[in-house]
Amino acid sequence: MIQIKNLNLNIKGHLILSDVNMTMQKGKIYGLVGNNGSGKTMLMKCICGFIHPTSGEVIVNDEVIGRDADYIKDAGIIIENPGFIPYYSGMKNLRMLSEINGTADKTKIRETMEICGLNPELKLPVKKYSLGMRQRLGIAQAIMEEQSVLILDEPMNGLDKEGVAAIRELLLKMKEQGRLIILASHNREDIDVLCDEVFEVEKGKIREIIKGELIEYENFANTTR
């Protein structure tokens, strides 16, 4: 479970997040929507522990991030552009990452790459990957260790229609397995199809979108941060 209590984030005199309160449970997908610069990515970074709030708390499984734990544990994360060593293949990049925790062996990495639509035998260096291939590799690194929490910032960015459908199916299956998934997307269909609860972030403030409420998603399609 993730609890956010009275979270405020102020950077260089600018209020980025204001009095954010949320509770998120396993077995659900939570959507974050909002215009560019609204605070979605900063909220995700606070949950992960990459940025510490000015005040308030992020509590993950009874641990306060930044006090009891430096970073969120057992989480697969995509925030902004996934970073890889450009002159190594996708398989080699994932194998190197897997050595940090030692929880994903070569067989598991191969299976995960195939699930994400990548060929584990491909020797092409990541620097020559297309945007869609790089995004698939980012998703693979986020899920290969079967983390209980997934934090995904625009995970469908650069994917073709078939890729989007495959990743949606994968995320729904993971929800059924009891994962807690936080998803930010500018694509309204991603939000409609995947999310159990949706929160709109606007000028650092957050409110839950009630199911059935008419909402205008002004900048959803084909936009990036």
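Charge. I counted the charged side chains of the protein chain in this predicted model: 29 are positive and 32 are negative. I then looked up the centres of the two sets, and they lie 5 Å apart.

Fold. I listed the secondary structure and found six helices and 10 strands in the protein chain. I checked the radius of gyration next: it is 17 Å, close to the 17 Å that the globule rule gives for 225 residues, so the protein chain is as compact as a globular protein of that length. Along the principal axes, the C-alpha atoms fill a box of roughly 50 × 40 × 35 Å.

Contacts. I took the contacts with a separation of 6 or more in the protein chain, and residues 24 or more positions apart account for 65% of them.

Surface. I noted that the protein chain exposes about 11,800 Å². Carbon and sulfur atoms supply 46% of that area. I also noted that buried residues make up 49% of the 225 residues.

His186. Where does His186 sit? I found His186 in the loop between β8 (180–184) and α6 (188–194). One, of 2.6 Å, joins it to the side chain of Glu154. Another, of 3.0 Å, joins the side chains of His186 and Asn36.

Key. Residues numbered from 1 in each chain as written. Predicted model: local features only at pLDDT ≥ 70, side-chain atom pairs only at ≥ 80, totals over all residues. Heavy atoms only, no water. Helix = DSSP H or I, 4+ residues; strand = E, 2+ residues; numbered from the N terminus. Rg over C-alpha atoms; globule rule 2.2 N^0.38 Å. Buried < 20%, exposed > 50% of the residue type's maximum accessible area, 1.4 Å probe, protein only. Contact = heavy atoms within 4.5 Å. Areas by Shrake-Rupley, 256 points an atom, 1.4 Å probe, with all protein chains shown as cover. Lys, Arg positive; Asp, Glu negative; His and termini not counted. Charge placed at Lys NZ, Arg CZ, Asp CG, Glu CD. Polar contact = N/O pair within 3.5 Å; in protein donor to acceptor, adjacent residues only side chain to side chain.
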